[in-house]
Every structure is written in C-alpha cells, then in structure tokens.
There are 2 protein chains.
Amino acid sequence: MGRTLERVGDTWSLMILRDALQGVSKFDQFQKSLGVAPNILTQRLAALVEAGFLERRPYQDRPVRHEYVPTDLGRDFAPVLTALMAFGNRHFAAEGIASHMVEAATGLPAEPVVVDRRTGKPIGAPDYIYAAGPAAGLEVLARVALLAEKRGARLGEV
Amino acid sequence: MGRTLERVGDTWSLMILRDALQGVSKFDQFQKSLGVAPNILTQRLAALVEAGFLERRPYQDRPVRHEYVPTDLGRDFAPVLTALMAFGNRHFAAEGIASHMVEAATGLPAEPVVVDRRTGKPIGAPDYIYAAGPAAGLEVLARVALLAEKRGARLGEV
C-alpha cells in the first residue's frame, strides 16, 4: 500500500488518473477539467508516466503534440478510484453529488461494493481477515499475531 | 474525492486506519506495527479523530490512557483500503506478498473486485460511465460532455 501511495498518493495525481481513465487525454483538456496550474499538471503527468500509470504518445506531427493514455497498470487502478469516489459521495458531498458512476444502459447510479471474486461475498470482518503472506517480515508477523490475539479476546467476551 | 483525500490522503494516515480497522487500538501498538515516530503518530491520530474516522476513548483510569477505534465513517472506508492493498500486492510486491486479506473459513486469499451492489457487475467501461450528478457545476458538466463526445468518436471508429 505504501508503495502505491508513493506513486499516486497525491490528490492531483489521483484526479488526473480519474480523468484519464474516463477518456481525457490532452494537456489542455486536463487543465480545463481540473483547473490545475500548468506547471503542476506537467509535473504530475510526467510522474504518472514515470510510475507506469500513463503512456505518453504523439497524436500530431507539426507541431508535435502528445496525449496521455492509461496503461494496463493504470486501468487496473480504476476500482480503487471507484471505491474512493463512492466513499466521498456518500459522506462529503454536503451540497449533493457532483459526479458519479452510473450504469450506461439504465442511467442508474452504481453502488460500489468490494467483493471476493471467488465467493461473491463482501470482503469485511468477520468473514475476511488480515493475514501474513509468504514474504511477511517480523513487523507483519507481529501485527498478525496481535490481531489474532484481539480476535480471540473478542470471541472470549461473547 | 478531493475532500476524502484532504482528510486521509497521507500514507501514514491510511496505514494507521488500515491497522485500526484490523483491531489495533493502542498508541504503542500502532507505533510497533508501523515503526512510526511518536510525534507523527500523535499528529495523525488527532487528525483522524478530527476528521471523524477514529474515536478516542479512555480504557484506563490511573493513569488515564486512551485507545482509538474506527467510527462508522472509518469502517465505511475499509473497502477503499481493501482495493488499494490488493492493487499494491498485484503490482508492487516484487519480493512476494507480505500481507493480504484471506477468507477466515478457508484461508484462501481474497481477490477483491468492485461490483455494483444492484447488478453484481464489475463497475468498469463500457457498462458503467462517469456521469454528472444533481449538484454538478460547470466544470463537471464540461467534463461529462467531453467524455460523451469521446465515447461517440470511439463508437464511430468501430
């Protein structure tokens, strides 16, 4: 998680990526859509290209102009943004919802929920737990042990 | 989205919240789990309480000690973190997965996917599109119009 945030954990980067995933691709389109300063936009686009979320490619010869399109990696990030947008709309859209995902066929708003592809069940306690993986270090093992102890204590309380 | 990130868009805040959602609650537990400096931890916990994601409550009288537990708002953020962790594990865990969500009953790793509660379908193009909501301002309306135009152009290419 930390490594993901190092790459896209900045508000502008996430908003640029959200727009790019929706089909915005040209510099002036991003600028207009986000109201972002050109120097910040240039820097964030370069960082997203560098991190592998966007690909920069020419779309015009004279003068040369580039557009920015999501890579496979960038597209795979879409569910995170969908979950994040939905959370913001649920809680911080005091004056109403400005934008959201809707089903194209019906226009009905999507209600995003994170489920396990295998079981179809929402991923949350108590059905799903945080566990150490094969490359867990001492810090993770200590955390997992602490959490198992807490779960045991809660079960004991019941 | 911007408003959510203003509140929790910092790597430490997200990692503290991840731990809190898993049952970590005491100051020294967070410190040990994350290897975070005490002054940073104090500041981030206060900010998460201020933003309404955590509740601070006493668990001991002499001396008074407090623990930090997720509020309803904090718990509702869990799916965002689940999607974020899964993305990080898919792409940035070069040396293997340190930690992940598993089904408690079977121990099998969860494969998080964001679906629409109503239809069960994954929320992604072309089934789902970004649309203006009731409180859309000029900026959002312009973006939605631009995207609709791009979709039309793509359909025209086919």
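In the predicted model, Pro112(A) stands opposite Asp116(B) in β4(B). This pair belongs to the antiparallel pairing of strand β4 (residues 112-116) of chain A with strand β4 (residues 112-116) of chain B, which runs over 5 bridges. Two strands are said to pair if DSSP finds at least two bridges between them, and the element names follow DSSP runs, with helices being H or I of at least four residues and strands being E of at least two, numbered from the N terminus. Residues are numbered from 1 along each chain as its sequence is written, while chains are lettered from A and ligands numbered from 1 in the order in which they are written. Since this is a predicted model, local features need pLDDT of at least 70 and side-chain atom pairs count only at pLDDT 80 or more, whereas totals for chains, interfaces and linings use all residues.

Strand β4 of chain A also holds Val114(A), and this residue is a handy place to look around. Val114(A) is buried, with 25 other C-beta atoms within 10 Å. Here a residue counts as buried if 20 or more other C-beta atoms lie within 10 Å of its own, as exposed if 12 or fewer do, and as partly exposed in between, with C-beta atoms placed from the backbone. Leaving aside residues up to four places away in sequence, Val114(A) touches Ala83(A), Pro122(A) and Ile123(A) in its own chain, and Pro79(B), Thr82(B), Ala83(B), Pro112(B) and Val114(B) across in chain B. Contact means that the C-beta atoms of two residues, placed from the backbone, lie within 7 Å. The C-alpha atoms of Val114(A) and Ala83(A) are separated by 7.9 Å, although these residues are 31 places apart along the chain.

Taken as a whole, the interface brings 76 residues of chain A into contact with 76 residues of chain B. On the chain A side, the largest share, 12 residues, comes from helix α6 (residues 78-92) of chain A. The side of chain A that touches chain B divides into 41 nonpolar, 19 polar and 16 charged residues. In this count Ala, Val, Leu, Ile, Met, Phe, Trp, Tyr, Cys and Pro are nonpolar, Asp, Glu, Lys and Arg are charged, and the others, Gly among them, are polar.

The axes of α6(A) and helix α6 (residues 78-91) of chain B come within 9 Å and cross at roughly 165 degrees. Axes are lines fitted to C-alpha atoms, for helices over the stretch in contact, and angles run from 0 to 180 degrees between N-to-C directions. The two helices are therefore roughly antiparallel to each other; angles under 35 degrees count as roughly parallel, over 145 as roughly antiparallel, 65 to 115 as roughly perpendicular and the rest as oblique. Pro79(A), Val80(A), Ala83(A), Leu84(A) and Phe87(A) of α6(A) make the contact with Pro79(B), Val80(B), Ala83(B), Leu84(B) and Phe87(B) of α6(B). These residues divide into 10 nonpolar, no polar and no charged.

A further strand pairing links the chains. Strand β3 (residues 99-103) of chain A pairs with β5(B) in the antiparallel sense over 5 bridges, and Glu103(A) has Tyr128(B) as its bridge partner. Strand β5 (residues 128-132) of chain B is mostly covered, with 4 of its 5 residues buried.

Within chain B, the axes of helix α2 (residues 11-21) and helix α4 (residues 38-50) come within 10 Å and cross at roughly 75 degrees, which makes α2(B) roughly perpendicular to α4(B). Here Trp12(B), Ser13(B), Ile16(B) and Leu17(B) of α2(B) meet Ile40(B), Arg44(B), Leu45(B), Ala47(B) and Leu48(B) of α4(B). The contact divides into 7 nonpolar residues, 1 polar and 1 charged.

Pro63(B) is found in the loop between β1 (54-60) and β2 of chain B. Arg65(B) lies in strand β2 (residues 65-70) of chain B and is exposed, with 12 other C-beta atoms within 10 Å. Arg65(B) touches Pro58(B), Tyr59(B) and Gln60(B), not counting residues up to four places away in sequence. In chain A, a cis peptide bond joins Arg62(A) and Pro63(A), with omega at about -5 degrees.
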